[in-house]
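This report describes the model shown below, beginning with the contact between its chains and ending with the confidence of the prediction.

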Protein chains: 2
Amino acid sequence: MTMNDYVAIDFGVGEELKEVEETLQRSVRSDSPILTEIAMHVIAAGGKRIRPAICILAFKAVGGDPRNMHSAIDAAVAVELIHSATLIHDDITDEGEQRRGRVTAYRKYGVHNALVTGDFMFVQGFKYGQFLSPESIRIAAEAYERLAEGEMLQEQWRNNPSIPMEEYIKIISGKTASVFSASAQLGAFHGGGNDEQIEALGSYGTYAGIAFQIVDDILDITSDSNTLGKSVGNDIREGNMTLPLILAMNDGVDRKLLSDVVAKRNKPRELVENAIRMIRESRCVPRSIAIAEEYVELANESLSVLEPSPFKTELERLSSSIVARAR
Amino acid sequence: MTMNDYVAIDFGVGEELKEVEETLQRSVRSDSPILTEIAMHVIAAGGKRIRPAICILAFKAVGGDPRNMHSAIDAAVAVELIHSATLIHDDITDEGEQRRGRVTAYRKYGVHNALVTGDFMFVQGFKYGQFLSPESIRIAAEAYERLAEGEMLQEQWRNNPSIPMEEYIKIISGKTASVFSASAQLGAFHGGGNDEQIEALGSYGTYAGIAFQIVDDILDITSDSNTLGKSVGNDIREGNMTLPLILAMNDGVDRKLLSDVVAKRNKPRELVENAIRMIRESRCVPRSIAIAEEYVELANESLSVLEPSPFKTELERLSSSIVARAR
């Protein structure tokens with residue numbers, strides 16, 4: 001399964017995702033043609049829309065009234081816009097060359113234009129949230145606060161081989177899982193879910209998001225750039241501490257060599273490729289997959305407070321499909 | 001008068017500005033000490049808080065009920081947070097070394113951390129706007145949409161000596177005046193002003209903002225870095241087309257030399273200093289001041305729909321003080 005197959009899986013909410021897509025494209029229209037062009041460069045590249053899918057499914061899983069679906073769609077659009085904004089900004093600081101199979105915005109349009117477009121998409125995100133309640137703006141804003149905190153923590157541990165596992169989980173809980181959790185909470189909130197349901201869906205999102213990031217970490221090691229839509233080994237080159245790398249350093253693989261690669265600011269290509277091969281061939285990849293599977297299980301257990309429904313089943317299928325990517 | 005004197009002028013709303021200040025500092029607290037430190041680096045440097053002052057004065061000038069002042073303060077905090085976020089991002093792309101008399105955030109903390117802190121402040125801005133109405137979120141979001149459009153237009157005309165005056169005004173209307181206008185509109189809106197009053201205060205903000213940017217342009221030529229809190233001649237070095245420069249190229253000053261400086265991507269220091277001296281000694285500076293004064297007049301004329309009040313008088317005093325900086 002490749003990244004793009006995700007778009008084909010609509011988890012039974014294809015109609016709603018189509019509306020999310022159209023609203024997304026409308027949301028970045030502006031009087032500045034170049035602003036719209038850059039935003040569309042990012043949005044039209046697709047991406048998995050997994051956060052919007054979670055939002056819509058959560059809405060339905062708590063029995064949301066279809067007449068209020070528009071608010072779940074607006075929330076999904078807001079989350080995806082802000083997510084896309086952070087991707088543009090991430091690529092600037094990570095010097096990423098490819099994203100979703102396309103050259104990154106800052107490489108094509110320059111740092112200035114990419115940065116401003118990211119800001120524009122941030123603002124559009126909150127504009128789409130304007131008709132939502134204070135509570136839902138709070139949920140979204142706090143998720144992005146956690147995201148920023150996760151990014152900062154990641155930066156503190158960059159190129160540092162002695163990172164403890166708890167810090168790794170804290171980083172990915174912030175930079176990835178917080179937004180998954182917010183998507184699920186927003187869907188449940190607008191679907192009229194009670195506090196217990198909203199909290200349960202929040203946990204579902206957190207665990208699914210952690211699994212998602214672990215799989216992303218694995219793919220950085222095991223995939224090829226065609227399937228991945230971006231270059232392989234980026235995390236290692238950038239000094240991002242990923243799960244397979246952390247496991248490898250603590251078990252079985254030549255710790256000295258890996259630590260050397262990690263600690264170097266400028267990593268020679270050959271060293272990086274060597275490290276990737278070593279990790280790829282070690283048992284750290286299947287172990288990482290097993291850990292991701294545990295988080296998927298936690299995610300699905302969180303749903304136990306919900307009544308059985310096709311949408312609950314789809315949420316389970318969605319989280320399981322996250323790990324299927326890594327196999 | 002130096003930039004910092006602005007803080008001392010409270011335009012009769014010192015109490016409210018103090019509350020804005022305290023709320024601002026509270027707003028950037030986070031679980032990530034470095035995130036808070038960087039945000040405070042920018043916020044605690046002060047700045048003129050001219051946008052919050054306009055917001056509060058507009059609230060009072062339409063006869064806002066003191067019991068609703070908290071919403072004007074929240075709106076002012078939101079605008080100032082988002083404004084500060086764009087400053088951090090601007091410095092990254094302009095490679096600014098100083099801001100408000102301090103080393104810029106990205107120079108002190110690195111591009112990654114500065115960029116993420118900017119995003120964090122964006123989000124906090126909208127979080128502070130959460131209790132405001134959809135209408136006020138729309139006003140703020142649209143202003144920042146105009147801001148992004150202005151930034152993009154400026155980028156298109158960078159290093160291009162043939163920029164027409166209309167395009168210059170369009171750029172500064174977007175990148176600066178839109179937020180001044182939003183501040184005034186937000187104050188009037190939360191003060192319960194009618195449509196005519198909100199529109200009038202929006203125009204006041206637009207014109208005052210244009211005057212403000214023209215004065216900023218002038219100071220980049222005539223000031224010294226101690227007074228300015230950032231290095232002089234930055235705009236020319238960066239290829240930003242400013243009013244004194246545009247006037248100088250169309251009148252009296254050695255057009256060929258200036259065009260050469262403008263069109264060069266890497267501008268030799270000597271050439272830049274030469275250009276600054278030429279513009280400084282030309283009549284383009286007093287002419288720029290005269291144009292800024294015209295915009296101040298337009299700003300104050302916009303207030304004619306308001307009943308006379310001490311706050312209306314303070315708004316007039318505020319816009320006039322903008323040009324006083326350039327003299």
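In this predicted model, 34 residues of chain B are in contact with 34 residues of chain A, two residues being in contact if their C-beta atoms, placed from the backbone, lie within 7 Å. On the side of chain B that touches chain A, at least two residues each come from α3 (33–43), α5 (69–94), α7 (111–128) and α8 (134–156) of chain B. Helices (H or I, at least four residues) and strands (E, at least two) are DSSP runs, numbered from the N terminus. The most is given by α8(B), with 12 residues. By class, this side of chain B has 18 nonpolar, eight polar and eight charged residues; Ala, Val, Leu, Ile, Met, Phe, Trp, Tyr, Cys and Pro count as nonpolar, Asp, Glu, Lys and Arg as charged, and the others, Gly among them, as polar. The copies meet through the same surface, because 100% of the interface residues of chain B are also interface residues in chain A.

Residues are numbered from 1 along each chain as its sequence is written, and chains are lettered from A in the order in which they are written. Local features need pLDDT of at least 70, side-chain atom pairs count only at pLDDT 80 or more, and totals for chains, interfaces and linings use all residues.

Chain A contains 17 helices and two strands, and its C-alpha atoms fill a box of roughly 60 × 50 × 30 Å along the principal axes. Of its 327 residues, 56% count as buried. A residue is buried if 20 or more other C-beta atoms lie within 10 Å of its own, exposed if 12 or fewer, and partly exposed in between.

In α3 of chain A, Leu35(A), Ile38(A), Ala39(A), His41(A), Val42(A) and Ile43(A) are buried. The buried residues of α3(A) pack against several elements of chain A, including α2 (14–27) and α5 (69–94), together with α8 of chain B. In chain B, Cys55(B) touches residues that include Ala72(B), Val79(B) and Leu186(B).

Gly46(B) lies in the loop between α3 and α4 (50–61) of chain B, and Pro286(A) in helix α16 (residues 284–302) of chain A.

| Residue | C-beta neighbours inside 10 Å | Class |
|---|---|---|
| Gly46(B) | 16 C-beta neighbours | Gly46(B) partly exposed |
| Pro286(A) | 13 C-beta neighbours | Pro286(A) partly exposed |

Gly46(B) and Arg100(B) are separated by 54 residues in sequence and by 7.3 Å in space, C-alpha to C-alpha. For Pro286(A) and Ala324(A), the separation is 38 residues in sequence and 12 Å in space, C-alpha to C-alpha.

The confidence values complete the account. Chain A has a mean pLDDT of 89, and 95% of its residues reach 70 or more; pLDDT is the predictor's confidence in each residue, from 0 to 100. Over residues 1–8 of chain A, pLDDT stays under 50. Where pLDDT is low, the predicted coordinates should not be read in detail. For the complex, the predictor gives an ipTM of 0.87 and a pTM of 0.89.

Note on methods:
Lists of a residue's contacts leave out its neighbours within four places in sequence.
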